Amino acid sequence: MTDPSDVPAVDPGMTVSSAPYAAPAPDRFVDNDEAITAETYAELRAIAARYPEARSGLLPMLHLVQSVEGRVTPEGIEACASILGISAAEVSGVATFYTMYKRKPVGDHLVGVCTNTLCAVMGGDLIFERLKQHLDVGNDETSEDGKITLEHIECNAACDYAPVMMVNWEFMDNQTPDSAVEVVDDLRAGKDVHSTRGPRLCTWREAERVLAGFSDDLADEGPAAGHASLVGLEIAREKGWTAPPAKASGATERPESKAEAVEEADTARAETETVVEEARD
């Protein structure tokens, strides 16, 4: 308890408000973690048992934690560490290395906008700025209603459909600022939204459970590949082009020892440099 004598006197010239005390505004998004149940512990052990080295199961185990708790929590880290027989620090090191693992709550839907070079010049930066304004959030922040978490992504590996954004890791191709706003508004309204190359969009937690290795039976919904991705293959078939045989591409027989592998690698490099030098001459 503070000693009254330690409290400074009020400056006579200071204006003291007579307004009633107002409590600070609550956080925009409430942390709604759920406890890890015995069933979840059993599923975590089942994931670890899939691998010859149990520690190899850590990545899908963390996805399962996120599907239950909405993020990677201290409890989830301790659970994974206990099952795998490693330290919590080792688990935390993995969870903080990969951006797919979140340390604060994620909304019902995770919307990632590619802002890497090609998508950016095709409109990705405009889409991201428009969504930030529309949702009144910054990067890696969640809308006040807890529905949408927005983040920029360096590359969605879908340059043939730029600009691209993802919702819960499903592709939304050829987006514009207006179409992106429509997608997030439909998601916030609870409407069914379909990926441009996949199934009806599920929630982020449901997608995390799939990444943990538990099927949602939606794998066959939507095309396996889009038209833009297959144009090169179609042209090759029309012209009768085929891949060269393995030997023509420089493939060699598998070396029997590490020493042979090193020698082969060094020889291949020397031969390549020789060809380059001869071409210059």
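1. Helix 1 (residues 38–48) and helix 3 (residues 74–84) have axes that come within 10 Å and cross at roughly 50°. Helix 1 is therefore oblique to helix 3, since angles under 35 degrees count as roughly parallel, over 145 as roughly antiparallel, 65 to 115 as roughly perpendicular and the rest as oblique. Axes are lines fitted to C-alpha atoms, for helices over the stretch in contact, with angles from 0 to 180 degrees between N-to-C directions. Helices are DSSP runs (H or I, at least four residues), numbered from the N terminus.

2. This is a predicted model, in which local features need pLDDT of at least 70 and side-chain atom pairs count only at pLDDT 80 or more, while totals for chains, interfaces and linings use all residues. Residues are numbered from 1 along each chain as its sequence is written, and side-chain values use heavy atoms, without hydrogens and water.

3. The crossing of helix 1 past helix 3 is right-handed (the near helix is turned clockwise from the far one by less than a right angle). On helix 1, Tyr41, Leu44, Arg45 and Ala48 make the contact; on helix 3, Ala79, Ile83 and Leu84 do (heavy atoms within 4.5 Å). By class, this contact has 6 nonpolar, no polar and 1 charged residues (Ala, Leu, Ile and Tyr are among those counted as nonpolar, and Arg among the charged).

4. The disulfide count is 0, with a disulfide taken as a pair of cysteine sulfur atoms within 2.5 Å. Cysteine 114 is in no disulfide, and its nearest cysteine sulfur, that of cysteine 119, is 3.6 Å away. Cysteine 119 is likewise in no disulfide.

5. Cysteine 114 counts as buried because its relative accessibility is 3%; cysteine 119, at 4%, also counts as buried (under 20% relative accessible area, 1.4 Å probe, protein chains only).

Definitions and conventions
Helices (H or I, at least four residues) and strands (E, at least two) are DSSP runs, numbered from the N terminus. Buried means under 20% relative accessible area, exposed over 50%, partly exposed in between (1.4 Å probe, protein chains only).
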